[in-house]
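This briefing goes through one structure by topic, beginning with a strand and then turning to the sheet, the helices and the loops. Please keep the sequence and the model in view while reading.

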Amino acid sequence: MIDAHCHLNYSEKYEDLDEIINRAKEKGVDRIINAGTSIERSQMAIDLAQKYDNLFAIVGIHPHDSEKAGSFEQDLDRMCKEKKVVGVGEIGLDYFANEIDPKIQKNVFSKQIEIAIKNNLPLQIHQRHAGDDVIDVLTSYKNEFKNSPGMIHCFAGSFDFLNKALDLGFYIGFDGNITYKGLAPGEDTKLSDLALKTPNDRIIVETDAPWLTPIPHRGMRNEPSYVIITADFIANLKGIPLEEFRDITVKNTENLFNLND
Ligand SMILES: [Zn+2]
Ligand SMILES: [Zn+2]
């Protein structure tokens with residue numbers, strides 16, 4: 001399996017990194033993609049990908065970090081050209097518990113989309129309570145996107161947002177929070193209903209470790225091996241065997257991030 005989005009680059013949370021990576025491998029999670037949230041964290045993701053064979057990096061600035069991003073363009077562009085960098089993320093808009101002016105967020109988001117397009121890399125999008133604006137921004141680049149422009153990571157929102165993201169060609173990522181009972185604050189559509197409405201040829205699984213730990217480990221640190229729990233949960237929802245669902249998500253993730261090149 002592949003964990004398509006996590007943060008082993010938060011190394012202060014993973015002093016036992018070798019064990020974490022080995023445990024994932026033993027459980028069958030043989031590839032792990034670490035996402036940046038700032039230039040520094042992106043560089044750490046690249047460093048990890050250079051050290052470990054089965055790790056890959058996604059580079060970008062999270063909307064929470066957009067205000068202090070400064071002039072990041074040259075650094076990001078340089079990082080996009082590094083070996084084992086497979087995408088630009090996590091980038092996007094976050095209007096939940098985030099004071100940063102949407103104008104600033106949109107500006108940093110758009111500049112990063114342009115750098116990704118220039119470097120022929122797919123996007124890994126983060127959004128919370130900002131689905132409409134994310135679709136507006138992405139639509140403005142529609143004609144410049146390739147077949148697979150990217151994925152919406154840690155998907156949440158409405159069916160309308162889901163359909164528009166699918167229409168734009170995006171893959172949809174689900175995390176351990178799909179195992180939680182009830183709705184997250186401000187959401188009105190269950191994650192399991194969204195996963196059921198996501199076609200098999202567009203679905204991807206991820207952990208967002210160290211956060212969003214699935215049940216039964218909720219409350220503890222998350223890790224890539226737990227991506228199997230999320231995959232198992234969704235396979236059950238969809239009524240297909242875990243092995244089949246694993247193969248589907250692996251193929252989708254490989255296709256999107258060109259992991260076999
Ligand atoms: Zn995120
Ligand atoms: Zn994340």
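**Strand 4 and the sheet**

Strand 4 is mostly covered, since 10 of its 10 residues are buried. The model is a predicted one, and what follows should be read with that in mind.

- Eight strands make up an open sheet, in which the order is 1-2-3-4-5-6-7-8 and the pairing is parallel.
- At the edges of this sheet stand strand 1 (2-6) and strand 8 (203-205), each with a single partner strand, so one side of each has no neighbour in the sheet.
- From one strand to the next, the twist averages 25 degrees.
- Strand 4 runs parallel to strand 3, to which three bridges join it, and within this part of the sheet the bridge partner of Ile58 is Gly87, a residue of strand 4.
- Strand 4 also pairs with strand 5 (residues 123-128), again in the parallel sense, over six bridges; here Asp94 stands opposite Arg128 of strand 5.
- Strand 7 (residues 171-174) pairs with strand 8 in the parallel sense over three bridges, and Phe174 has Val205 of strand 8 as its bridge partner.

**Helices that lie on the sheet**

- Helix 8 (residues 227-238) packs on the sheet, where it touches strand 1, strand 7 and strand 8, and its direction makes about 145 degrees with that of strand 8.
- Helix 9 (residues 242-257) lies across strand 1, strand 2 (31-35), strand 4, strand 6 (150-152), strand 7 and strand 8, and runs at about 95 degrees to strand 8.

**Helix 3 and its surroundings**

- Which residues of helix 3 (residues 73-80) are buried? They are Leu76, Met79 and Cys80.
- Seen down the axis of helix 3, these buried residues fall within an arc of 105 degrees, and therefore they line one face of the helix.
- On the other side of helix 3, Gln74 and Arg78 are exposed.
- The cover over the buried residues of helix 3 includes helix 2 (39-51), strand 3 (55-59), strand 4 (85-94) and helix 4 (102-118).
- Helix 3 packs against helix 4 at an angle of about 35 degrees, the two axes being 10 Å apart, and the crossing of these two helices is right-handed.
- Helix 3 contributes Glu73, Leu76, Asp77 and Cys80 to this contact, while helix 4 contributes Lys111, Gln112 and Ile115; by class, the contact has three nonpolar, one polar and three charged residues.

**Backbone features in the loops**

- For background, most residues other than glycine have a negative phi, and most peptide bonds are trans.
- Lys84, in the loop between helix 3 and strand 4, has a positive phi of about 70 degrees although it is not a glycine.
- Is Lys84 buried or partly exposed? Lys84 counts as partly exposed because it has 16 C-beta neighbours inside 10 Å, a number between the limits of 12 or fewer for exposed and 20 or more for buried.
- Ala97, in the loop between strand 4 and helix 4, likewise is not a glycine and has a positive phi, of about 50 degrees; with 10 C-beta neighbours inside 10 Å, Ala97 counts as exposed.
- The loop between strand 8 and helix 8 holds Pro210, which a cis peptide bond joins to Ala209, with omega about 15 degrees.

**Two partly exposed residues**

- Trp211 lies in the loop between strand 8 and helix 8 and is partly exposed, with 16 other C-beta atoms within 10 Å.
- Between the C-alpha atoms of Trp211 and Leu166, which are 45 residues apart along the chain, the separation is 26 Å.
- Gln50, found in helix 2, is partly exposed as well, with 13 other C-beta atoms within 10 Å.
- The C-alpha atoms of Gln50 and Val86 are separated by 13 Å, the two residues being 36 residues apart along the chain.

Key. Residues are numbered from 1 along each chain as its sequence is written. Chains are lettered from A and ligands numbered from 1 in the order in which they are written. This is a predicted model: local features need pLDDT of at least 70, side-chain atom pairs count only at pLDDT 80 or more; totals for chains, interfaces and linings use all residues. Helices (H or I, at least four residues) and strands (E, at least two) are DSSP runs, numbered from the N terminus. The arc is that of the directions from the helix axis to the C-beta atoms. Two residues are in contact if their C-beta atoms, placed from the backbone, lie within 7 Å. Axes are lines fitted to C-alpha atoms, for helices over the stretch in contact, and angles run from 0 to 180 degrees between N-to-C directions. A crossing is left-handed if the near helix is turned anticlockwise from the far one by less than a right angle, and right-handed if clockwise. Ala, Val, Leu, Ile, Met, Phe, Trp, Tyr, Cys and Pro count as nonpolar, Asp, Glu, Lys and Arg as charged, and the others, Gly among them, as polar. Two strands pair if DSSP finds at least two bridges between them.
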